[in-house]
Amino acid sequence: MPAGLGASYRSLSGDVYKTTTVPENKNGVMESLKKALNFNSNNKRSEPLIEKEQTPAAVVRKMPTSVTAEETALLGTMPSDSMDDIELKNIELQYPSTRSISRSRDDPSIEEVRVETDRGSVLVAIQGNRSKPPILTYHDLGLNYVASFQAFFNYNEMRSLLENFTVYHVNAPGQEEGALPLPDDYEYPTMDELASQINFVLSYFSLKSVIGLGVGAGGNILARFALAHPDKVEALCLINVVSTQAGWIEWGYQKINARYLKSKGMTQGVLDYLMWHHFGRGTEDRNYDLVQVYRNYFERCIQPGNLAMFIDSYIRRTDLNMTRQPDASAGVKKDSNTTLAMPVINITGALSPHVDDTVTLNSRLDPTNSSWMKISDCGMVLEEQPNKVSEALRLFLQGLGYAAVRMGRKKLSTSVSTEVVAKMRSSRSIDSVRSSQSAPWPINITENPISEAVVC
């Protein structure tokens with residue numbers, strides 16, 4: 001260690017420290033002291049470092065407290081040029097670009113087609129190669145295919161899904177972006193009539209059967225279509241779906257919302273109800289940015305009058321009238337028309353206001369071909385937890401016999417329920433997508449790489 005102002009850094013054993021580590025001062029003690037005093041004098045001739053007339057207390061007060069003797073010696077070797085030529089001109093604030101969920105009309109990966117039905121036309125957006133197996137989606141209240149599914153299918157784990165499937169996004173009448181106001185005398189289709197429109201979509205694209213993915217009101221519509229046409233729905237993924245008719249509280253709130261939407265547009269009360277409907281309570285504490293994105297979307301991108309008609313149709317929905325099939329061991333013959341006959345995965349968020357409704361739906365499904373899954377720390381699962389939903393969807397598709405080998409095979413997170421994993425452990429993964437028995441190419445079957453079940 002240096003003994004004074006003129007000391008140098010020296011190695012104690014060999015050439016350990018290079019000369020480039022710290023500049024070595026080869027000058028004497030007096031020269032170093034002169035340079036230090038000259039540096040202080042160039043700074044507008046400040047007061048001397050020590051004055052003989054001052055008392056010891058004053059000397060302590062005048063000595064710099066943050067500069068050690070070593071730093072003073074080093075400062076003596078630095079140039080003393082002032083920086084007066086640098087001038088602060090102005091200060092400019094830069095705000096980060098806000099996130100938008102509006103789709104660009106120039107996106108080549110999405111094709112929008114108008115399909116005529118018996119109750120008007122519906123907009124259908126297609127993603128992927130049409131020769132692949134189809135997945136049909138339906139959105140919730142206040143949303144459309146862009147706001148409900150665009151971010152989810154752009155998620156990294158879901159992009160590879162589009163390589164093996166074609167996604168058909170169905171929009172309820174008048175709910176697409178840039179939709180014109182529906183005529184005042186237009187009679188909006190009921191929930192059963194909205195479900196029957198899907199039959200026209202399948203006929204238009206020559207689809208024999210689809211895998212349904214529905215959220216909220218859209219899931220209720222897909223469930224109605226599956227009950228009416230079980231041979232045209234291969235499987236269902238339902239998120240926050242209500243299977244019963246509207247209660248008095250829901251009916252009252254939604255009736256007021258529809259009235260305000262028709263007369264005043266998107267009011268603060270309607271906006272708050274939509275946010276609660278999708279995210280639950282305390283959303284701003286969980287994800288403030290996501291809340292602002294959807295608030296802005298509801299205010300700017302939704303046609304209020306058209307949404308009011310959709311809400312009126314939803315609160316006038318009838319009960320799905322499904323009952324769980326009795327156990328075969330009890331000697332009672334099963335009736336396939338009492339509930340959904342196809343495999344169903346029933347998903348909800350732990351913070352969603354529709355958790356109890358999904359439990360009711362689960363009690364009406366056949367336990368041998370259905371699974372209930374609650375994902376923690378979210379209400380709008382596709383936006384808040386896309387990684388967990390994509391993982392569950394991959395396992396669900398593998399259980400149906402579809403190959404998802406190109407999707408990342410990661411270790412299962414703690415979000416997947418024991419029931420879901422237990423059902424998927426016995427599934428097989430086929431290298432080609434849903435190869436039929438009559439396929440001319442060989443079928444390679446491998447075990448699903450899941451070693452153990454995990455709990456939420």
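A polar contact is a pair of N or O atoms within 3.5 Å; within protein, one atom must be able to donate a hydrogen and the other to accept it, and residues adjacent in sequence count only if both atoms are side-chain atoms. The model is predicted: local features need pLDDT of at least 70, side-chain atom pairs count only at pLDDT 80 or more, and totals for chains, interfaces and linings use all residues. Residues are numbered from 1 along each chain as its sequence is written, and side-chain values use heavy atoms, with hydrogens and water left out.

**View A. Asn144 in the loop between β3 (134-138) and α4 (145-153).** Helices (H or I, at least four residues) and strands (E, at least two) are DSSP runs, numbered from the N terminus. A polar atom of the Asn144 side chain lies 3.1 Å from the backbone nitrogen of Val146. Asn144 counts as buried, at 0% relative accessibility; buried means under 20% relative accessible area, exposed over 50%, and partly exposed in between (1.4 Å probe, protein chains only). Leaving aside residues up to four places away in sequence, Asn144 touches His139, Phe149, Asn171, Gln175, Glu176, Glu177 and Tyr297, where contact means heavy atoms within 4.5 Å.

**View B. Packing of helix α9 (residues 268-279) on helix α11 (residues 288-300).** The angle is about 130 degrees and the axes are 11 Å apart. Axes are lines fitted to C-alpha atoms, for helices over the stretch in contact, and angles run from 0 to 180 degrees between N-to-C directions. α9 and α11 are therefore oblique to each other; angles under 35 degrees count as roughly parallel, over 145 as roughly antiparallel, 65 to 115 as roughly perpendicular and the rest as oblique. The crossing of α9 and α11 is right-handed. A crossing is left-handed if the near helix is turned anticlockwise from the far one by less than a right angle, and right-handed if clockwise. Residues in the contact of α9 with α11 include Leu271 and Met275 of α9 and Tyr294 and Phe298 of α11. This contact of α9 with α11 has 8 nonpolar, 2 polar and 3 charged residues. Ala, Val, Leu, Ile, Met, Phe, Trp, Tyr, Cys and Pro count as nonpolar, Asp, Glu, Lys and Arg as charged, and the others, Gly among them, as polar.

**View C. Glu299 in helix α11.** Glu299 is partly exposed, with a relative accessible area of 43%. Glu299 and Gln268 are 31 residues apart in sequence, and their C-alpha atoms are 9.4 Å apart.

**View D. Packing of helix α8 (residues 248-263) on helix α12 (residues 304-315).** The axes lie 8 Å apart at an angle of about 160 degrees. α8 and α12 are therefore roughly antiparallel to each other, and their crossing is left-handed. Among the residues that meet are Trp251 and Leu261 in α8 and Leu307 and Ile311 in α12. The residues of the contact of α8 with α12 comprise 9 nonpolar, 2 polar and 4 charged.

**View E. Two loop residues, Ser206 and Asn240.** Ser206 is in the loop between α6 (191-204) and β5 (210-215), and has a positive phi near 55 degrees. Asn240 is in the loop between β6 and α8, with a positive phi of about 50 degrees. Ser206 is exposed, at 65% relative accessible area, whereas Asn240 is buried, at 7%.
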